[in-house]
Amino acid sequence: LAGGADLLGPEGVEALLQTVRQLSTPERPCGATLLLAGPNSFGGALLAGAGPDFDTILDGILAGEIKALVCLEADPFRDHPDPARARTALSRLALLVVLDALPGEAAQRADIFLPATVPAEEAGTFVNHEGRMLPFAAVFAPGISIRETGGGNHPPRSYTGGTPGDQPRPAWAILAELQDESPSLPTIRKEIEARDPRFAGLAALDPEGEGRRVTGGGTSAGAPAPLPPHCEPGETLRLLPVETLFGSEVLSSLSPPLASVTPAPHVLLHAADAARLGLADGESARLSTALGHFGVRVRTSDCLAPGVVILPRLRGTPIEVFIPGAGHLDCLIEKGGTA
């Protein structure tokens with residue numbers, strides 16, 4: 001059985017695993033695979049441990065206990081499920097330092113911005129959804145094009161061994177120097193191994209190899225909380241934000257060639273729900289949630305669960321505030337609005 005963890009949430013994941021346990025027998029074993037939201041979600045969860053999570057950090061900022069924040073390739077202004085609370089807290093910081101390769105809102109608001117490289121320009125390690133450590137090597141060195149370095153004229157006549165404009169470095173290397181640590185990746189990998197036995201073997205991995213599973217057994221969440229009552233006709237619907245092929249992923253959302261295939265903001269409704277609400281496929285509608293009111297297009301399908309609304313997240317649009325994996329929201333969908 002396969003399931004998307006960002007869509008199922010903790011309760012759904014536990015329900016999926018419980019179903020696998022009930023179906024599995026010695027004669028016919030049943031397994032499960034959980035697809036995570038990003039390429040290093042597993043690794044991020046391992047390093048996060050028991051916290052503190054970002055909500056705890058926001059509490060500390062609001063209480064005046066935290067005065068400065070360093071964002072390492074993260075944009076809490078755009079990726080926190082409660083954007084109003086995040087903006088309120090972050091506005092009270094005395095110092096915001098951002099290490100990133102992307103022109104996000106955090107980078108624009110930073111007191112100190114340190115440009116970093118993207119994965120193709122650096123070496124590192126991801127832990128995939130099965131818990132396998134997969135190192136990767138840089139594909140090419142970053143640099144600024146001749147069009148930029150030459151200012152529209154002749155390229156620079158200086159002879160150097162580096163690429164013009166190659167000052168950006170991996171965020172992990174910048175962070176290491178800020179902590180007076182060695183910016184050497186082999187050294188950092190050995191230190192990770194020494195501090196956390198689960199990453200044993202990391203330093204010896206080859207980018208051309210098959211990687212290695214992290215050691216140690218995982219732990220399952222406790223008993224899931226009871227799910228909210230199912231939506232009945234006439235009541236609010238359950239809104240589930242999801243990732244979509246074009247428009248959700250941050251790097252691809254910055255690509256002008258992909259703009260032509262990125263859809264307009266829309267929701268997916270069961271055909272019966274749409275008919276009950278007097279909405280037709282392709283019609284404009286008004287989506288109302290605790291995060292505000294939004295204009296969307298309606299798309300209908302018989303393959304959805306009644307009472308559920310699917311909302312693909314599109315960066316750079318008003319519906320960017322809906323974060324996949326943050327749980328469901330109650331919503332109303334009415335005629336009208338401008339998509």
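Rings of Phe, Tyr and Trp (its six-membered ring) are taken as a pair if their centres lie within 6.5 Å; planes under 30 degrees apart make the pair stacked, over 60 edge-to-face, and the rest tilted. The structure is a predicted model, in which local features need pLDDT of at least 70 and side-chain atom pairs count only at pLDDT 80 or more, while totals for chains, interfaces and linings use all residues. Residues are numbered from 1 along each chain as its sequence is written, and side-chain values use heavy atoms, with hydrogens and water left out.

**View 1. Aromatic pairs.** A search of the whole structure finds 2 aromatic pairs. The ring centres of F126 and F136 are 5.0 Å apart and the planes stand at 45 degrees, so this pair is tilted. It links distant parts of the chain, with F126 in strand 6 and F136 in strand 7, 10 residues apart. Helices (H or I, at least four residues) and strands (E, at least two) are DSSP runs, numbered from the N terminus. F126 counts as partly exposed because its relative accessibility is 30%; buried means under 20% relative accessible area, exposed over 50%, and partly exposed in between (1.4 Å probe, protein chains only). For F294 and F322, the ring centres are 5.0 Å apart and the planes are at 65 degrees, so the pair is edge-to-face. Here F294 lies in strand 12 and F322 in the loop between strand 13 and strand 14, 28 residues apart. F294 is buried at 9% relative accessibility, and F322 is buried with a relative accessible area of 1%.

View 2. Three strands form an open sheet in the order 6-7-8, with antiparallel pairing. Its edge strands, strand 6 (124–127) and strand 8 (212–213), each pair on one side only. Two strands pair if DSSP finds at least two bridges between them. Between strand 6 and strand 7 (residues 132–136) there are 4 bridges in the antiparallel sense, and V127 stands opposite M133 of strand 7.

**View 3. R189 in helix 9.** R189 belongs to helix 9, which spans residues 185–195. R189 is buried but has no salt bridge, and the nearest side chain of opposite charge, that of E193, is 8.2 Å away. Lys and Arg count as positive and Asp and Glu as negative, with His and the chain ends not counted; a salt bridge needs a side-chain nitrogen of Lys or Arg within 4 Å of a carboxyl oxygen of Asp or Glu. Not counting residues up to four places away in sequence, R189 touches G124, T125, P135, F136, L202 and A203. Contact means heavy atoms within 4.5 Å.

**View 4. Strand 9 and its partners.** Pairing with strand 13 (residues 308–312) is parallel over 5 bridges, with P241 opposite L311.

**View 5. Nonpolar cores.** The largest nonpolar core has 18 residues, and V267, L269, L287, V309 and I333 have the most contacts inside it. A nonpolar core is a set of buried Ala, Val, Leu, Ile, Met, Phe, Trp, Tyr and Cys residues joined through side-chain atoms within 4.5 Å. Strand 9, strand 10 (266–270), strand 11 (284–289), strand 12 (292–301), strand 13 and strand 14 each supply at least two residues of this core. The largest share, 3 residues, comes from strand 12. Apart from this core lies another, of 14 residues, including L69, C71, F77 and V98.

**View 6. R313 and its contacts.** R313 is found in the loop between strand 13 and strand 14 and counts as buried at 2% relative accessibility. With neighbours within four places in sequence left aside, R313 is in contact with R78, D79, V242, T244, G247, S248, I319, E320, F322, I323 and P324.

**View 7. S252 in helix 10.** S252 is found in helix 10 (residues 250–253) and counts as buried at 18% relative accessibility. Beyond its neighbours within four places in sequence, S252 contacts G247 and L258. S252 and R315 are 63 residues apart in sequence and 9.7 Å apart in space, C-alpha to C-alpha.
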